[in-house]
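Dear colleague,

Please find the structure below, together with its sequence. My notes on what was found in it follow directly after.

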Amino acid sequence: CVPDQLEDPERFLARVKEIRANPAAESCELIRFKDGRIFELHGGSAPAEEAGIGRVWSFRDVTARVRTEEEARREYDRTWSLFGGRDIETLIDLPVTSDPAVVATLDVLTKALTPALYTNANVASLLACQMINLSLEHGNTDGSCLAYVWLGRVAGYRFGNYQACFR
């Protein structure tokens, strides 16, 4: 039975009752399963010459997308935690790192960021935040400036923090 597999079966069943009570209503929900899978549910009436004849339900596994969104959000929150109340303008004052592992990691992330921008906004946000976090923890490298430029886009466009975005 599907409800037994859900994290919150009562909420799901209540929502199904609500939708059935209003057949013309559109719906879009995330359904979380106990095993970690996440499905997106879209539903709407199936019209037939102005009279609904039923409902069309569409389910799609969005586990990877949602997990990446959550991971990007955690990394973004970590970025602001590492800032620790400092102003964005102080990034220029960070020391230059001499750790070859950090330099190499930022070089790889720099090369991965541009393709991510064209393929997956969540991965791009995650990479930019990881680059910033490495710079905050270890100092600046040549790749840090790219991450700082993308901080504005990530803060504003992706997470709605437009005040930080314009700084």
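**Contacts within the strands**

Leaving aside its neighbours within four places in sequence, Ser58 is in contact with Glu40, Leu41 and His42, where contact means heavy atoms within 4.5 Å. Please note that this is a predicted model, in which local features need pLDDT of at least 70 and side-chain atom pairs count only at pLDDT 80 or more, while totals for chains, interfaces and linings use all residues. Residues are numbered from 1 along each chain as its sequence is written, and side-chain values use heavy atoms, with hydrogens and water left out.

Ser58 has its place in strand β3 (residues 51-61); helices (H or I, at least four residues) and strands (E, at least two) are DSSP runs, numbered from the N terminus. With a relative accessible area of 37%, Ser58 is partly exposed. On this scale, buried means under 20% relative accessible area, exposed means over 50%, and partly exposed lies in between (1.4 Å probe, protein chains only). From C-alpha to C-alpha, Ser58 and Cys28 are 9.4 Å apart in space and 30 residues apart in sequence.

Glu40, one of the residues that Ser58 touches, lies in strand β2 (residues 38-48). Its relative accessible area is 8%, so Glu40 is buried. The side chain of Glu40 makes a polar contact of 2.5 Å with the side chain of Arg60 and another of 3.2 Å with that of His42. A polar contact is a pair of N or O atoms within 3.5 Å; within protein, one must be able to donate a hydrogen and the other to accept it, and residues adjacent in sequence count only if both atoms are side-chain atoms. Setting aside neighbours within four places in sequence, the contacts of Glu40 are Cys28, Glu29, Leu30, Ser58, Phe59, Arg60, Val62 and Arg65.

Leu30 belongs to strand β1 (residues 27-32) and, at 34% relative accessibility, counts as partly exposed. Beyond four places in sequence, Leu30 is in contact with Arg11, Ile38, Phe39, Glu40, Val62, Arg65 and Val66. Leu30 and Tyr162 are 132 residues apart in sequence, and their C-alpha atoms are 27 Å apart in space.

**Helix packing**

How do the helices pack against one another? The angles below run from 0 to 180 degrees between N-to-C directions, and axes are lines fitted to C-alpha atoms, for helices over the stretch in contact. Angles under 35 degrees count as roughly parallel, over 145 as roughly antiparallel, 65 to 115 as roughly perpendicular and the rest as oblique.

Helix α4 (residues 100-119) and α5 pack at an angle of about 160 degrees, with axes 8 Å apart. That makes α4 roughly antiparallel to α5. By class, the contact of α4 with α5 has 14 nonpolar, six polar and no charged residues. Here Ala, Val, Leu, Ile, Met, Phe, Trp, Tyr, Cys and Pro count as nonpolar, Asp, Glu, Lys and Arg as charged, and the others, Gly among them, as polar.

Between α3 and α5 the angle is about 25 degrees, and the axes are 9 Å apart. α3 is therefore roughly parallel to α5. Nine nonpolar, six polar and six charged residues make up the contact of α3 with α5.

Helix α3 (residues 63-83) also packs with helix α6 (residues 144-158), at an angle of about 120 degrees and with the axes 12 Å apart. The two helices, α3 and α6, are therefore oblique to each other. The contact is made by Glu69, Tyr76, Trp80 and Phe83 of α3 and by Leu151, Val154, Ala155 and Arg158 of α6. By class, the contact of α3 with α6 has six nonpolar, two charged and no polar residues.

**Two residues in the helices**

Ser135 is found in helix α5 (residues 121-138) and counts as buried, at 0% relative accessibility. A polar contact of 2.6 Å links the side chains of Ser135 and Ser144. Not counting residues up to four places away in sequence, Ser135 touches Leu94, Leu106, Asn140, Ser144 and Tyr148.

Tyr157, by contrast, has its place in helix α6 and is exposed, with a relative accessible area of 58%. Apart from residues up to four places away in sequence, Tyr157 touches Gly152 and Tyr162.

With kind regards
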